Amino acid sequence: MMSKFEEYFKEVGQWNERWKKFLEAEEISKSESVWDNLDRFTDIVENLSSTVDEKALVNLQLEVETLHNEMENYFSSRQQVGSIWINEPAVPLGQHKLPPLAYPYESLEPFISSEIMKLHHQKHHQTYVDGLNQAEENLKKARENGDYSLLNHWTKELAFHGSGHYLHTVFWENMSPKGGGKPEGKLINMIDSYFGSFEVFKKHFTEAGSQLRGAGWALLVWSPRSRHLEILQSESHMIYTQWDTTPLLVLDVWEHAYYPQYKNNRRAYAENWWQVVNWRDVEKRLERASEIKWPPY
Ligand code: MN
């Protein structure tokens, strides 16, 4: 007779196989992280010895539970479009998370110390994630209560922590222990044609970072409008801007936009403005902008 351990192993082994078949049937790309999770689990099951103890069994059960939750999250984040399923996860309001680093803290040494990386990622970036979630939650409360007395404060927080979170997420991904060297393909062609050469681009970007007044960022950006690259500086993270977002609907509240007609009644101008909004245009912008998809954090 089989021991209860052996029975359980056999069961989870089969369960694992069923998931793999299911993913294959759904044509889930091998690059999706669910495959990694399943493979990791297969390794664990295959490396169990037959003389396993209670403790190993408990660990295995925990792994099964984790994997189960991951699978559930993965599939609940997919949406059905027509007859096909697409994987289109989004970040629910107030639920931004600190993205894991794809490399160990010490792996960028000697250029960036382990100490900096750890503090920067675990403490600083986490603060932006928490601040962004808090701002989103408080603005939700304002909408629910119709109380906008702290609107300017929370909108500033939304920009500060939002830009902090999004830019750091890009920053971590912009680096690698195997980094350095030169870009290739379309990127190097665009750098050469706009900045003159890779060396000139590097000099310009380094100066942008070095000469920035106070704290902030140097950024290489793509302008979908002019269709060329540009180098910008950002003091602090923003000044009311949430980097890594795309404008869809904008209202000019400079005086020149309303004063000759509305005088100091900017609110009346803002309220009347809705009569002339072209929603077809906003819809089109959303369609185009939502084609760009980054991993959700
Ligand atoms: Mn930072």
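## Getting to know a predicted fold

Reading from the N terminus, the elements of the protein chain go α-α-α-β-β-α-α-α-α-β-β-α-α-α. Here helices are DSSP runs of H or I with at least four residues, strands are DSSP runs of E with at least two, and both are numbered from the N terminus. Residue numbers start from 1 along each chain as its sequence is written. The model is predicted, so local features need pLDDT of at least 70, side-chain atom pairs count only at pLDDT 80 or more, and totals for chains, interfaces and linings use all residues.

**Exercise 1.** Find out which element has the lowest mean pLDDT and which the highest.

*Solution.* Start with the term: pLDDT is the predictor's confidence in each residue, from 0 to 100. Now go element by element: strand E1 (residues 78-81) comes lowest with a mean of 54, while H4 comes highest with 95. A word of care: where pLDDT is low, the predicted coordinates should not be read in detail.

**Exercise 2.** Work out which residues form the largest nonpolar core, and which element gives the most to it.

*Solution.* First, what counts as buried? A nonpolar core joins buried Ala, Val, Leu, Ile, Met, Phe, Trp, Tyr and Cys residues through C-beta atoms within 7 Å. The largest one has seven residues: Tyr-128, Val-129, Leu-132, Ala-135, Leu-158, Ala-159 and Phe-160. Helix H4 (114-145) and helix H5 (151-173) are the elements giving two or more residues to this core, and H4 gives the most, with four.

**Exercise 3.** Decide how H6 and H7 are oriented to each other.

*Solution.* Helix H6 (residues 185-195) and helix H7 (residues 198-211) pack at about 75 degrees, their axes 8 Å apart. Under 35 degrees is roughly parallel, over 145 roughly antiparallel, 65 to 115 roughly perpendicular and the rest oblique. So H6 and H7 are roughly perpendicular.

**Exercise 4.** Describe how E3 and E4 pair.

*Solution.* Strands pair if DSSP finds at least two bridges between them. Strand E3 (residues 216-223) and strand E4 (residues 228-235) pair in the antiparallel sense over eight bridges. Ala-218, for instance, sits opposite Gln-233 in E4. Four residues separate E3 and E4 in this hairpin, and Arg-227 in the turn has a positive phi of about 55 degrees.

Methods
Buried ≥ 20, exposed ≤ 12 C-beta atoms within 10 Å, placed from the backbone. Axes fitted to C-alpha atoms, helices over the stretch in contact; angles between N-to-C directions.
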